[in-house]
Amino acid sequence: MKIIRVFPRRTNATPTDELAFVGEPTMFVPEVDEARISVAFSWDLPEAERLEKQWRHIAPVRIGGPATGQRGEDFTPGMYLKKGYVITSRGCYNRCWFCSVWSREGDVRELPITEGWNILDDNLLACSDNHIKNVFEMLAKQKHRPCFTGGLEAARLKNWHVQELRKLKPKELFFAYDTPGDRDPLFEAGKTLLKGGFSRKSQNLRAYVLVGYPGDTFTAAEKRLVETMKAGFMPMAMLYRDETGKRDSAWVKFAWPWVRPAAMSAKYRTFA
């Protein structure tokens, strides 16, 4: 079955093959059996519905993806994510108020491991030890240094994880400081990673920091970002959005310096 995949917007993870399209049909669209519109963000659903009307003249259309609440299936490399991006498990045991993963995917379930170097699992460290070891073995065979942009849960980090991660020489390891309960585990993870051979100078220890959510303040958000650096991680501000995708302009201005790599690097070095 020949399938076109359509995406409302382009991101770093969007596939680039000849059957992947962003937006409306072009003048040169191959004959296919079906067009699937993949929607990652809830605020893109209106655009997906508009695109469905454009693509229905090409082939039968289906709308799916995380934003629709659709449960993910086994991962097919290169289908909805660019080559190199890989998902080896879905779901999460945590019930974070701002995250839809647990309601959409349920508890963690392990998938067949496919080739790739950028891990996007919802919560890899919540998987069984055997699965995690097999993922690390797969990564060790790749030509690219691994990235863990899906994020690793600090509270689940173990010494043997650090030892194996160190062998992989990852390009980036992302953790998170989203709620007050993340603070102490993040500091402990930082100690474990630095003691295990990772270095602040390499700047490959990163952490997403959620900012701008209801009730948040600039003072509290800056405190979390600074604490992240003290814990050993270079922060990346993740600006909260509601289902409409709206962002407060004041928070956009606040977050901007905390997402620019050059600015982050200069701030981070002061804690090295």
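The structure is a predicted model, and the values given for it are computed from its atoms. Four of its strands form an open, parallel sheet in the order β2-β1-β3-β4, and helix α1 lies across these strands, β1, β2, β3 and β4. The largest nonpolar core holds 51 residues, and apart from it lies another core, of 14 residues.

**The four-stranded sheet**

- In the open sheet, whose strands follow the order β2-β1-β3-β4 with parallel pairing, the edge positions are taken by β2 and β4, each of which has a single partner strand, so one side of each is left without a neighbour in the sheet.
- From one strand to the next, the twist of this sheet averages 25 degrees.
- Strands β1 and β3 run parallel and are joined by four bridges, and in this pairing Ile-4 stands opposite Ala-35 of β3.
- Strands β3 and β4 likewise run parallel with four bridges between them, and here Ile-37 stands opposite Ile-63 of β4.
- Strand β3 is mostly covered, since five of its five residues are buried.
- In a regular strand, the side chains alternate between the two faces of the sheet.
- Both faces of β3 are covered, with Glu-34, Arg-36 and Ser-38 buried on one side and Ala-35 and Ile-37 buried on the other.

**Helix α1 against the sheet**

- Helix α1, which spans residues 45-55, has Ala-48, Leu-51, Glu-52 and Trp-55 as its buried residues, and because these cover an arc of only 115 degrees around the axis, they sit on the same side of α1.
- These buried residues of α1 pack against β1 (3-7), β2 (20-22), β3 (34-38) and β4 (61-64), while the helix itself runs at about 165 degrees to β4.

**Helix α4 and its surroundings**

- Helix α4, which spans residues 159-168, has His-161, Val-162, Leu-165 and Leu-168 as its buried residues, and seen down the axis these fall within an arc of 115 degrees, so they line one face of the helix.
- The elements that cover the buried residues of α4 include α3 (129-140), β9 (147-148), β10 (172-177) and α5 (183-195), whereas on the other side of the helix Asn-159 and Lys-167 are exposed.
- Just after α4 comes Lys-169, which takes a positive phi of about 50 degrees.

- In soluble globular proteins, nonpolar side chains tend to be buried together.
- Within the largest nonpolar core, of 51 residues, those with the most contacts inside it are Phe-148, Leu-165, Leu-173, Phe-175, Leu-193, Val-211 and Phe-233, and α3 gives the most to this core, with five residues.
- Apart from this core lies another, of 14 residues, among them Ile-4, Ala-35, Ala-48 and Leu-51.
- Val-211, leaving aside its neighbours within four places in sequence, is in contact with a set of residues that includes Asp-216, Leu-225, Met-238, Tyr-240, Trp-251 and Phe-254.

**Tyr-213 in its loop**

- Tyr-213 is found in the loop between β11 (205-211) and α6 (218-230), and with a relative accessible area of 15% it counts as buried.
- Not counting residues up to four places away in sequence, Tyr-213 touches Trp-97, Asp-178, Arg-224 and Tyr-240.
- Although Tyr-213 and Arg-241 are 28 residues apart along the chain, their C-alpha atoms are separated by 7.6 Å.

**The cysteines**

- A disulfide is a covalent bond between the sulfur atoms of two cysteines.
- The structure holds zero disulfides, and for Cys-96, which is in none, the nearest cysteine sulfur is that of Cys-99, 6.1 Å away.
- The closest cysteine sulfur to that of Cys-127 belongs to Cys-92 and is 10.0 Å away, which is too far for a bond, because a disulfide needs the two sulfur atoms to be within 2.5 Å.
- Cys-127 is buried, with a relative accessible area of 6%, whereas Cys-96, at 28% relative accessibility, counts as partly exposed.

Note on methods
Residues numbered from 1 in each chain as written. Predicted model: local features only at pLDDT ≥ 70, side-chain atom pairs only at ≥ 80, totals over all residues. Heavy atoms only, no water. Buried < 20%, exposed > 50% of the residue type's maximum accessible area, 1.4 Å probe, protein only. Helix = DSSP H or I, 4+ residues; strand = E, 2+ residues; numbered from the N terminus. Arc of directions from axis to C-beta. Contact = heavy atoms within 4.5 Å. Core = buried A, V, L, I, M, F, W, Y, C linked by side-chain atoms within 4.5 Å. Pairing = 2+ DSSP bridges. Axes fitted to C-alpha atoms, helices over the stretch in contact; angles between N-to-C directions.
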